[in-house]
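These are my notebook entries on a structure that I had not examined before.

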Amino acid sequence: MTSLVKKSDAIDEEISVYGIADDSNYVKIKKLSSLKKNEVYISASFADKYGLAAGDTVSLDEKYENKSYKFKVAGLYHKSQSLAVFMSIDNYGKVFELKENEFSGFLSDSKITDIDEDNIATTITIHDITKMADQLDHSMGSYMTYFQVLCILLAAVMIYLLTKLIIEKNENAISMTKILGYENKEIASLYLLSTSIVVVIADLISVILGTLVMAAAWRMMLFSYSGWFTFRVTPIGYAKMFGFVLIGYLIVMVFDFQRIKKIPMDQALKNVE
């Protein structure tokens, strides 16, 4: 393995380049040994961050030398979260001019006991892999619950102000319908049904637009940092975004129904010219 640099306007980022032995138990890429000298697979995270796809050419540079390499992307490897390039160990030796059968390290899924401890580059446990996510969940996870409640309240307040304005402007008409014998439930359905349709449509549009805006903002923010986390929204996430606004609207409907009930029948008669 060696580290090269991907240069960009935002950051010069280290990319790990791996030479993989045939039939590796750790990086399983079919036909890796059949690729040409400068053909490689890249991690899906690398492709996502820099907008790369199969057939593209990526240029990487030595960190401390004035030397660059150009690789043609033969495919994507989806089982690596790091920004990495994978090539056969034979092609690796040719590209980086290693001696025959020379290698800089190997992977093991069990504790290594038969070599000097100083020769072990790193030991990675499950905790090492998940500790960043665990830390984020510990420090920010509870805030997300507060944001969910805040979003419901903000949605309720905004919708309440709009529906309040609608009802106030139609107080005379609502009073007249009461005189004509309509019940409060019928009047509420008459005025709130159209509002409900608009809220549902606006909610769907806001979920889609909100996701697109967040994805763009996330990409801009993370592009200035080393590494990459793909922006994803789970189906339950979409359901929550849609549902929170509806919950806020249901709260508002209770207040709107009480407001309609309080409008007296003589309201229309008082304003008759």
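**Entry 1: terms and source.** I call a residue buried under 20% relative accessible area, exposed over 50%, and partly exposed in between, with a 1.4 Å probe and protein chains only. The model is predicted: local features need pLDDT of at least 70, side-chain atom pairs count only at pLDDT 80 or more, and totals for chains, interfaces and linings use all residues. Residues are numbered from 1 along each chain as its sequence is written, and side-chain values use heavy atoms, with hydrogens and water left out. Helices (H or I, at least four residues) and strands (E, at least two) are DSSP runs, numbered from the N terminus.

**Entry 2: the loop between helix 2 and helix 3.** I looked up I120, which is found in this loop. With a relative accessible area of 21%, I120 is partly exposed. I take contact to mean heavy atoms within 4.5 Å. Not counting residues up to four places away in sequence, I120 touches I112 and I115. I also noted F106, which is 14 residues from I120 in sequence and 9.7 Å from it in space, C-alpha to C-alpha.

D116 has its place in the loop between helix 2 and helix 3 as well. I recorded D116 as partly exposed, at 45% relative accessibility. From D116 to A21 I noted 95 residues in sequence and 23 Å in space, C-alpha to C-alpha.

**Entry 3: positive phi.** Most residues other than glycine have a negative phi. I found a positive phi, near 55 degrees, at E97, in the loop between helix 2 (89-95) and helix 3. E97 counts as exposed because its relative accessibility is 63%. Phi of D23 is positive too, near 55 degrees. D23 lies in the loop between strand 2 (13-20) and strand 3 (39-43), and its 76% relative accessibility makes it exposed.

**Entry 4: helix 5 by itself.** What length should helix 5 have? I took the expected span as 1.5 Å times one less than the number of residues. The 39 residues of helix 5 (residues 184-222) should therefore span 57 Å, and the end C-alpha atoms are 53 Å apart, which agrees. I noted a kink of about 35 degrees in helix 5, centred on L192; the bend at a residue is the angle between axes fitted to the seven residues ending there and the seven starting there.

The buried residues of helix 5 include I187, Y191, L192, D203 and L222. Among the elements that cover the buried residues of helix 5 are helix 1 (44-50), helix 3 (126-169), helix 4 (171-179) and helix 6 (235-262).

**Entry 5: helix 5 and its partners.** Axes are lines fitted to C-alpha atoms, for helices over the stretch in contact, and angles run from 0 to 180 degrees between N-to-C directions. The axes of helix 5 and helix 6 come within 10 Å and cross at roughly 155 degrees. That makes helix 5 roughly antiparallel to helix 6, a term for angles over 145 degrees.

Helix 4 and helix 5 pack at an angle of about 145 degrees, with axes 10 Å apart. I found A173, I174, T177 and K178 of helix 4 meeting N184, I187 and Y191 of helix 5.

**Entry 6: T177.** Leaving aside neighbours within four places in sequence, I found T177 in contact with Y182 and I187.

Key. Angles under 35 degrees count as roughly parallel, over 145 as roughly antiparallel, 65 to 115 as roughly perpendicular and the rest as oblique.
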